[in-house]
Amino acid sequence: MSSIVVTLASSVSGVLAVPGDKSTSHRAIILGSLAHGPTMVDHLLESNDSFCTLEAFRGMGVAIEKLKSEQYLIKGVGLHGLSAPHQPLQMGESGTTMRLLLGVLAGQSFRATLIAETSLARRPMLRVVTPLRQMGAYIEGKNGGEYAPITIQGGGLRPIRYESPIASAQVKSAILLAGLYASGETVITEPHLSRDHTEHMLARFGVPVRRQGKSISVKGPARLIGQKIRIPGDFSSAAFFITAASLIPNSSLLLKDVNLNPTRTGLLTVLSQMGAKVQVIHKEVTDEPRGDLQIESSHLKGTIVSAELLPTLIDEVPILMVAAALAEGTTTILGAGELRVKETDRIVSMATGLRAMGGQVITKGNDVVIQGVPKLHSTRVHSYGDHRTAMALVIASLTAEGETTVEETDCIAKSFPSFMECLNSIQKDS
Ligand code: S3P
C-alpha cells in the first residue's frame with residue numbers, strides 16, 4: 001500500500017487547472033447513455049469512480065468510445081435501450097455510481113445485481129432502496145436491502161411524492177432518474193438543498209425539471225436528446241489547493257475553470273467568513289456557473305458552520321477541518337452526521353489524523369469543535385482508505401516542519417489520480 005512523504009512548503013503558487021468534476025462526469029455518462037443520439041463529453045474525469053459508471057453502462061450494451069485523453073463519445077441507446085448485463089455490475093467504491101444506477105435500473109424490466117468493494121459494501125443503501133420500492137421496483141440485498149450486493153428488477157414504475165429525511169443529491173438523483181420512467185409527476189422534497197447537477201443536466205438533455213422551494217419534480221415518460229458537454233474542473237478537488245494557498249504564507253494561486261455551482265461552493269462562503277482572500281475573477285454561466293479563482297494567503301479566524309450550509313460543502317469538511325485546525329480561535333461545524341457514512345467516518349478519520357499532528361479537535365455527537373493552533377507537527381498519519389482524508393492530510397502536512405508520512409494513499413485515485421502531480425506543479429519547498 002503506498003504512502004506519501006510530505007515536507008514543509010514555503011508557498012503554493014502558479015496556475016492550475018484541476019481535472020473534471022466527478023459528480024458531473026457521472027451524470028454525463030448516465031444521461032448520455034440514456035439519450036437518443038450521440039453525446040460528446042470533454043474533460044471527463046478519468047478516475048476509479050467515474051470509470052465504474054462508464055463500465056456499468058458498457059456492461060448494459062452502451063458503446064462508449066475514448067477519442068483522446070478525457071474525451072469520450074457515448075452512443076446513447078434511449079431510455080429503454082439498455083440490455084441486461086451478463087454478469088454482476090461492479091460498483092467498486094463509488095457511492096454515486098451505485099445509488100444513481102439503482103434509480104436507472106428501477107426503470108428496467110430486466111434483473112441486475114450490483115456488487116461493491118470494501119468501503120462501499122458498508123455504506124447505507126436503504127435511503128434509495130426505500131423510495132424506489134415505493135415506486136414499484138423489486139429490490140433485495142444484504143440486511144433487507146441496506147448493503148451491497150443488491151439485486152434489482154424494475155419496470156412499470158408509478159410516480160411518487162417523496163419527502164427525504166436527508167439532504168442527499170444521490171437520493172434525489174436516484175428518484176429523479178427513476179421518475180423519467182414513471183408515467184406522471186415524481187416529486188422529491190429535501191430538508192436542505194443538495195447539489196443540483198442532475199437537475200441542470202436533465203434540463204440540458206431536454207427534460208423539463210420543476211423546482212419549487214426544496215421540491216424538485218420531473219414528468220415521465222421522458223425523452224433525452226444527446227448533447228455536447230464540457231465538464232468544468234471539480235470544485236471538490238480545487239478545494240484542497242484553495243485551502244493550501246490560504247494557509248501557506250506567500251502563496252498566490254490561480255485555479256482555472258472550476259465548477260462554481262452555488263450548491264457546491266459552501267467552502268468559499270465559510271472560508272470568506274474566516275478571512276480568506278479568494279476572488280472569482282472570471283465567471284461564465286453555461287448551464288452551471290464556472291470560472292477562475294485567485295487565492296492569496298491569509299490569516300484565518302474561526303467561525304460557525306450551520307447544518308443548513310453543510311450539504312453545499314459536504315465533501316469539503318475534511319479540508320475545512322484542516323483550515324480550522326490552523327485558524328485563530330474556535331470553529332464549530334454543526335450537524336455533520338452525514339460525514340459518518342462516507343468512505344470512512346470522516347469525523348473520526350480526520351480528527352484522528354489532526355490530533356496526531358497536534359490539532360485540537362473535539363466531537364459532540366455530530367458537531368465538531370476545533371480550537372486552532374499556531375502550528376501542526378510532522379508525524380505518521382493514516383487515510384484509513386478514504387481519498388478525501390488522504391488529500392486533506394497531505395495539505396495539512398505541507399504546513400508542518402519536518403517530514404510527515406500519510407499512509408494508504410492509493411485511494412486518492414478514486415477521485416483525483418493526478419493530485420500529487422498537480423500539487424508538485426504549484427508547491428515551492430522551504
Ligand atoms: C454526490 C453527492 C454527495 C457527495 C458525493 C457525490 C453526487 O453525496 O458526498 O461525493 O455526485 O451526487 P450525498 O448526496 O449522499 O450527500
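A few ground rules before the close-ups. This is a predicted model, so local features need pLDDT of at least 70, side-chain atom pairs count only at pLDDT 80 or more, and totals for chains, interfaces and linings use all residues. Residues are numbered from 1 along each chain as its sequence is written, and side-chain values use heavy atoms, with hydrogens and water left out.

**View 1**
Around the ligand sit K22, S23, R27, T96, S168, A169, Q170, R195, I314, D315 and K342, where being near a molecule means having a heavy atom within 4 Å of it. By type, the shell splits into five charged, four polar and two nonpolar residues. For that count, Asp, Glu, Lys and Arg are charged, Ala, Val, Leu, Ile, Met, Phe, Trp, Tyr, Cys and Pro are nonpolar, and the others, Gly among them, are polar. Helix 1 (22-34) and helix 7 (169-179) each bring at least two residues to the shell, and helix 1 gives the largest share, three residues. Helices here are DSSP runs (H or I, at least four residues), strands are runs of E with at least two, and both are numbered from the N terminus.

**View 1. Polar pairs at the ligand.**
Zooming in on the oxygen atoms, a polar side-chain atom of R27 is 2.6 Å from an oxygen of the ligand. D315 also places a polar side-chain atom 2.6 Å from a ligand oxygen. For S168, the distance from a side-chain N or O atom to an oxygen atom of the ligand is 3.0 Å. On its own the ligand has 380 Å² of accessible area, and the protein covers 94% of that; the areas come from the Shrake-Rupley method with a 1.4 Å probe.

Domain 1 puts 29 residues into the contact and domain 2 puts in 28, contact meaning heavy atoms within 4.5 Å. Why does the ligand lie between the two domains? Because domain 1 and domain 2 both give residues to its shell.

**View 2. Strands 7 and 9, around R111 and T151.**
R111 belongs to strand 7 (residues 111-115), and T151 to strand 9 (residues 147-153). T151 is buried at 12% relative accessible area, whereas R111 is partly exposed at 46%. Buried means under 20%, exposed over 50%, and partly exposed in between (1.4 Å probe, protein chains only). Leaving out residues up to four places away in sequence, T151 touches R111, A112, T113, Y138, I139 and E140. The side chains of T151 and T113 make a polar contact of 2.8 Å, while those of R111 and Q153 make one of 3.3 Å. A polar contact is a pair of N or O atoms within 3.5 Å; within protein, one must be able to donate a hydrogen and the other to accept it, and residues adjacent in sequence count only if both atoms are side-chain atoms. Beyond its neighbours within four places in sequence, R111 is in contact with P85, Y138, T151, I152 and Q153.

**View 3. Q427 in strand 24.**
Q427 is part of strand 24 (residues 427-429). Is Q427 buried or exposed? At 15% relative accessibility, Q427 counts as buried. Its side chain pairs with that of D429 in a polar contact of 2.7 Å. Setting aside neighbours within four places in sequence, Q427 is in contact with T7, A9, S11, V12 and L398.

**View 4. Helices 10 and 11.**
In helix 10 (residues 266-273), the buried residues include G266, L267, L268, V270 and L271. The buried residues of helix 10 pack against helix 9 (235-247), strand 16 (277-285), strand 17 (289-296), strand 18 (304-305) and helix 11. Helix 11 (residues 317-325) is mostly covered, with nine of its nine residues buried; among them are V317, L320 and M321.

Definitions and conventions:
Domains from an automatic or database assignment.
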